[in-house]
Each structure stands twice: as C-alpha cells, then as structure tokens.
Amino acid sequence: MTVGIVGPESAGKTTILGAFYLLLGRGVLTTEENVFSNSYTLTGWEAVAASMRWKPGPLPPRFPPHTPSGKARAPGMLHLAFRRKDGTLRELLFADAPGEWFRKWAVNQEAPDAEGARWIARHADVTLLIADRQALSGSSLGTARNDFQLLAQRTIAEARGRPLALVWTKGDVEVAAAMEAQIRRAVASLSQSIPEFTVSVAPREQVTLGDGFRELFDWIVSTRRRGVMVPATQPSGNDPLFRFSRK
C-alpha cells in the first residue's frame, strides 16, 4: 500500500516520517496485531531520522533537512512491512516528496515540474493532507490559507474516493479558532468523511509525546486499499478449463 503525504514546503512532511521511524524503534507503533517484520529502505529511514536523534555533544536534535526538488521527477520511497496476527504481511510504501511539487500541481495540474505530485496523486492508496499550523498562524496566514484551500481541492478531487486524512502538523502552535474553522470547512465542503489528526514533536499539556503520531499510524495501518475489480469473462468453448480464447 502506498501512502502519499501532500503539503507545502516546510510543513513537516518529512518530520512525520522521521517521527514514525524513531517511534517504531522504541516499540511505540507496533501492536500484537501488527509486529514489525522488515524494511528494504533502512538506509533511507536512517537518513531521514538522523538529525532528530539525541546525540552526545552541544547540538540538540533538529528537524530533517528540507527535501530538495532538484531535477527529480519521482518521490523517494520508504518501505516498512508488518506481520499480522494471522501471519499475513502488511507492506507500506511512504512517498517523500518536496512541497514545491505540490504547490505547482495545485495551481496547474499539468505543470511540467509537478510530475512527481501527479504520480503520488495517481498511485497513493492513502493520502495525508497536511495543514501547517505554524504557517496558518504566521504573518502570511492569509496566503497559507488560500494555498491550503487550493491544494485541498486538488488533492481531494484526485483521490477519487480513496482514503484521505487531514493532518495538522506542529500541533503545539496555537491557531485562531476562526482559521481552524475555515480549514475544516474547506475540507468538509469537498468531502464529509475525512478523519483528522494532530501531530507534534514538541511536548504539549495533557498530551503524551508521540500520541498523535501513534493515532495517525494506527489509522494508516488499519486502512484497506481499494480492491481491484476483475472483469467477468465468458467461456469461448465447452471446455471449462479454458476461460480465455487463444489467438
């Protein structure tokens, strides 16, 4: 199952991935129903989360570096696999993409520099739509609100009924109640069945660090990808062993 994380630059998309990996290492994200099995991209996960670790020395943990847009046309993919209680394997691919792609894609669906965003929109079985609380409370909050509304419209339309969640990042930052209401109205006007999560790497009152990430991850793992409809076929002869004619 492919998970797309859609949001503007510096909104915390890569931080979500780094937090998932660090919490997974502490056993916070696994349950009896979903036990970590393997990953084909451990080097990639380590690169994302390295700056967020506590290390000896004067430098405190930092946010992951900005995901560069460069000339790449496909997102970076990070893999995790979980063994279910019934023995089956649940595999997840997380797409890590720069916010510049989504900004251009929101304005022009066919923008030449937004090929990676189009790929995610086409292939994501689950989409996380990011609302950056810091941007929505800063000096350019009006621009941030308008950009979010445009991106939400594009993202929800392209999801075509596939599972999608609204994720507030930087949950420790206060946002005006009126702004929160506008963001929720913008999403609700496009779809009535979108769950909502809040995540933060900073401590908050009455909230255990990691709770929001665990709730979001549980939702991702429990979400089922849309099934594939196989068209019915008619036998080409009387022999029931051959359902397809040979050419």
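Good morning. The structure is a predicted model, in which local features need pLDDT of at least 70 and side-chain atom pairs count only at pLDDT 80 or more, while totals for chains, interfaces and linings use all residues. Residues are numbered from 1 along each chain as its sequence is written, and side-chain values use heavy atoms, with hydrogens and water left out.

I begin with the overall composition. The chain contains seven helices and seven strands; helices (H or I, at least four residues) and strands (E, at least two) are DSSP runs, numbered from the N terminus. Along the sequence, the pattern reads β-α-β-α-β-β-α-α-β-α-β-α-β-α. Of the 247 residues in the chain, 43% are buried. Here buried means under 20% relative accessible area, exposed over 50%, and partly exposed in between, with a 1.4 Å probe and protein chains only. The chain exposes about 14000 Å², with 54% of that supplied by carbon and sulfur atoms; these areas come from the Shrake-Rupley method with a 1.4 Å probe, and for residues only the protein chains shown count as cover. Of the contacts between residues at least 6 apart in sequence, 73% join residues at least 24 apart, a contact being heavy atoms within 4.5 Å.

I turn to the sheet. In what order do the strands of the open sheet stand? The order is β2-β3-β4-β1-β5-β6-β7, and the pairing is mixed. β2 (34–38) and β7 (196–198) stand at the edges with a single partner strand each, so one side of each has no neighbour in the sheet. From one strand to the next, the twist averages 30 degrees. Two strands are taken to pair if DSSP finds at least two bridges between them. In general, strands of a sheet pair through backbone hydrogen bonds, either parallel or antiparallel.

Consider β1 in particular. Three bridges join β1 to β4 in parallel, and Thr-2 has Leu-93 of β4 as its bridge partner. With β5, β1 pairs in the parallel sense over four bridges; there Val-6 is partnered with Leu-129. Is β1 mostly covered or mostly exposed? β1 is mostly covered, with five of its five residues buried. Thr-2, Gly-4 and Val-6 are buried on one side, and Val-3 and Ile-5 are buried on the other.

Next, the cores. A nonpolar core is a set of buried Ala, Val, Leu, Ile, Met, Phe, Trp, Tyr and Cys residues joined through side-chain atoms within 4.5 Å. The largest has 34 residues, of which Phe-20, Phe-94, Leu-128, Leu-216, Phe-217 and Ile-220 touch the most other members. Elements that each supply at least two residues include β1 (2–6), α1 (13–25), β4 (89–96) and α7 (211–222). The largest share, seven residues, comes from α1. A second, separate core of 30 residues includes Val-6, Trp-105, Ala-159 and Ile-194.

Leaving aside neighbours within four places in sequence, Phe-217 is in contact with Phe-20, Leu-29, Leu-80, Phe-82, Leu-92 and Phe-94.

Two further helices show how burial is arranged. In α2, Trp-45, Val-48 and Ala-49 are buried. Down the axis of α2, these buried residues fall within an arc of 85 degrees, so they line one face of the helix; the arc is that of the directions from the helix axis to the C-beta atoms. The face turned away from the buried side carries the exposed residues Thr-43 and Ala-47. Cover for the buried residues of α2 includes α1, β3 and β4. In α4 (residues 115–123), the buried residues are Gly-116, Ala-117, Arg-118, Ile-120 and Ala-121. Their cover includes β1, β4, α3 (99–107) and α5 (141–159).

I close with two loop residues. Most residues other than glycine have a negative phi, and most peptide bonds are trans. Ser-10, in the loop between β1 and α1, has a positive phi near 65 degrees. At 55% relative accessibility, Ser-10 counts as exposed. Arg-160, in the loop between α5 and β6, has a positive phi near 50 degrees. Arg-160 also counts as exposed, at 57% relative accessibility.

Conventions
Axes fitted to C-alpha atoms, helices over the stretch in contact; angles between N-to-C directions.
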